Amino acid sequence: MSPNKPGHASGRDAVFWSGEMNAYLIDSLLYQQDIGNRGESKFSSVAYDSIINGVGDKFGVAIDRSNIKNRLKYIKESFHECRNLLGEDTRFRWCSETRKFNADPNVWRELIEVRVCYQSVKNRR
(Lines give C-alpha, C1' and ligand atoms only; values in the text may rest on other atoms or scores of the structure.)
Protein backbone atom coordinates (compact mmCIF):
# COMPACT_ATOMS: atom_id res chain seq x y z
CA MET A 1 0.00 0.00 0.00
CA SER A 2 1.25 3.49 -0.82
CA PRO A 3 2.63 5.57 2.08
CA ASN A 4 0.19 8.30 1.06
CA LYS A 5 -2.87 6.12 1.58
CA PRO A 6 -4.34 4.89 4.86
CA GLY A 7 -3.67 1.34 5.91
CA HIS A 8 -0.71 -0.85 6.68
CA ALA A 9 2.77 -0.13 5.43
CA SER A 10 4.29 -2.90 3.36
CA GLY A 11 6.06 -5.44 5.56
CA ARG A 12 5.66 -3.41 8.73
CA ASP A 13 3.20 -3.11 11.56
CA ALA A 14 2.78 0.64 11.00
CA VAL A 15 -0.62 2.00 10.08
CA PHE A 16 -1.02 5.11 7.96
CA TRP A 17 -3.91 7.14 9.32
CA SER A 18 -6.01 9.35 7.05
CA GLY A 19 -7.84 12.41 8.34
CA GLU A 20 -11.07 10.45 8.13
CA MET A 21 -9.57 7.61 10.18
CA ASN A 22 -8.32 10.10 12.79
CA ALA A 23 -11.77 11.66 13.03
CA TYR A 24 -13.39 8.24 13.38
CA LEU A 25 -10.90 7.25 16.09
CA ILE A 26 -11.48 10.41 18.11
CA ASP A 27 -15.26 10.20 17.76
CA SER A 28 -15.18 6.51 18.74
CA LEU A 29 -13.01 7.18 21.80
CA LEU A 30 -15.36 9.95 22.91
CA TYR A 31 -18.37 7.69 22.40
CA GLN A 32 -16.75 4.86 24.38
CA GLN A 33 -16.02 7.31 27.19
CA ASP A 34 -19.61 8.61 27.11
CA ILE A 35 -21.07 5.11 27.46
CA GLY A 36 -18.80 4.30 30.40
CA ASN A 37 -16.09 2.22 28.74
CA ARG A 38 -13.28 4.36 30.13
CA GLY A 39 -12.09 4.22 33.71
CA GLU A 40 -10.05 6.86 35.48
CA SER A 41 -7.05 6.52 33.20
CA LYS A 42 -7.67 3.93 30.52
CA PHE A 43 -10.21 2.49 28.13
CA SER A 44 -11.72 -0.94 28.73
CA SER A 45 -11.15 -3.99 26.55
CA VAL A 46 -14.71 -3.60 25.29
CA ALA A 47 -13.90 -0.08 24.08
CA TYR A 48 -10.75 -1.17 22.27
CA ASP A 49 -12.49 -4.15 20.68
CA SER A 50 -15.33 -1.95 19.47
CA ILE A 51 -12.94 0.57 17.91
CA ILE A 52 -10.77 -2.14 16.35
CA ASN A 53 -13.84 -3.71 14.74
CA GLY A 54 -15.19 -0.33 13.66
CA VAL A 55 -11.96 0.70 11.93
CA GLY A 56 -11.80 -2.69 10.22
CA ASP A 57 -15.40 -2.50 9.03
CA LYS A 58 -15.29 1.14 7.92
CA PHE A 59 -11.79 1.37 6.44
CA GLY A 60 -10.75 -2.23 5.76
CA VAL A 61 -7.65 -1.80 7.90
CA ALA A 62 -6.63 -4.31 10.55
CA ILE A 63 -5.41 -2.55 13.69
CA ASP A 64 -4.75 -3.56 17.26
CA ARG A 65 -4.65 -1.89 20.66
CA SER A 66 -1.10 -0.66 20.22
CA ASN A 67 -2.07 1.14 16.98
CA ILE A 68 -4.85 2.96 18.84
CA LYS A 69 -2.59 3.87 21.78
CA ASN A 70 0.20 5.09 19.49
CA ARG A 71 -2.17 7.20 17.40
CA LEU A 72 -3.78 8.71 20.48
CA LYS A 73 -0.31 9.57 21.80
CA TYR A 74 0.48 11.30 18.49
CA ILE A 75 -2.83 13.21 18.53
CA LYS A 76 -2.18 14.40 22.09
CA GLU A 77 1.35 15.52 21.19
CA SER A 78 0.04 17.41 18.16
CA PHE A 79 -2.64 19.10 20.26
CA HIS A 80 -0.11 20.21 22.87
CA GLU A 81 2.25 21.46 20.15
CA CYS A 82 -0.54 23.57 18.65
CA ARG A 83 -1.60 24.85 22.05
CA ASN A 84 1.98 25.78 22.91
CA LEU A 85 2.49 27.60 19.60
CA LEU A 86 -0.80 29.47 19.69
CA GLY A 87 -0.89 29.96 23.44
CA GLU A 88 -3.74 32.09 24.67
CA ASP A 89 -3.97 34.08 21.43
CA THR A 90 -7.65 35.01 21.18
CA ARG A 91 -7.41 35.59 17.42
CA PHE A 92 -7.66 31.82 16.92
CA ARG A 93 -10.70 29.63 17.31
CA TRP A 94 -11.11 25.89 17.03
CA CYS A 95 -13.75 24.93 14.45
CA SER A 96 -15.37 21.61 15.33
CA GLU A 97 -16.81 21.23 11.82
CA THR A 98 -13.52 21.53 9.92
CA ARG A 99 -11.45 20.39 12.90
CA LYS A 100 -8.95 23.14 12.28
CA PHE A 101 -7.83 26.34 13.95
CA ASN A 102 -9.43 29.34 12.26
CA ALA A 103 -8.12 32.88 12.11
CA ASP A 104 -8.11 35.77 9.71
CA PRO A 105 -5.65 35.11 6.84
CA ASN A 106 -3.69 38.22 7.84
CA VAL A 107 -3.16 36.78 11.33
CA TRP A 108 -1.79 33.53 9.86
CA ARG A 109 0.43 35.45 7.44
CA GLU A 110 1.84 37.56 10.27
CA LEU A 111 2.62 34.53 12.42
CA ILE A 112 4.10 32.49 9.57
CA GLU A 113 6.44 35.37 8.71
CA VAL A 114 7.70 35.31 12.30
CA ARG A 115 7.96 31.51 12.58
CA VAL A 116 7.65 29.13 9.65
CA CYS A 117 6.52 26.32 11.99
CA TYR A 118 3.08 27.98 12.20
CA GLN A 119 2.39 26.87 8.62
CA SER A 120 2.01 23.26 9.83
CA VAL A 121 -0.43 24.32 12.55
CA LYS A 122 -2.53 26.26 10.06
CA ASN A 123 -3.15 23.14 7.97
CA ARG A 124 -3.28 20.57 10.77
CA ARG A 125 -6.42 18.65 11.62
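**Exercise 1.** How many salt bridges does a search of the whole structure find?

*Solution.* This is a predicted model, where local features need pLDDT of at least 70, side-chain atom pairs count only at pLDDT 80 or more, and totals for chains, interfaces and linings use all residues. Residues are numbered from 1 along each chain as its sequence is written, and side-chain values use heavy atoms, with hydrogens and water left out.

Step 1. Apply the criterion: a side-chain nitrogen of Lys or Arg within 4 Å of a carboxyl oxygen of Asp or Glu.

Step 2. Search the whole structure. Two salt bridges turn up.

**Exercise 2.** Which residues are linked in a network of salt bridges? Work out the pairs.

*Solution.*

Step 1. Arg91 pairs with Asp89; their closest N and O atoms are 2.7 Å apart.

Step 2. Glu110 pairs with Arg91, with closest N and O atoms 3.4 Å apart. This pair links distant parts of the chain, 19 residues apart: Glu110 sits in helix H4 (residues 105-114), Arg91 in the loop between helix H3 (65-86) and strand E3 (93-95). Helices (H or I, at least four residues) and strands (E, at least two) are DSSP runs, numbered from the N terminus.

Step 3. Join the pairs. Asp89, Arg91 and Glu110 form a network.

**Exercise 3.** Are Arg91, Asp89 and Glu110 buried, exposed or partly exposed?

*Solution.*

Step 1. Set the limits: buried is under 20% relative accessible area, exposed over 50%, partly exposed in between (1.4 Å probe, protein chains only).

Step 2. Read the values. Arg91 has 34%, Asp89 has 24% and Glu110 has 42%.

Step 3. Classify. Arg91 is partly exposed, as are Asp89 and Glu110.
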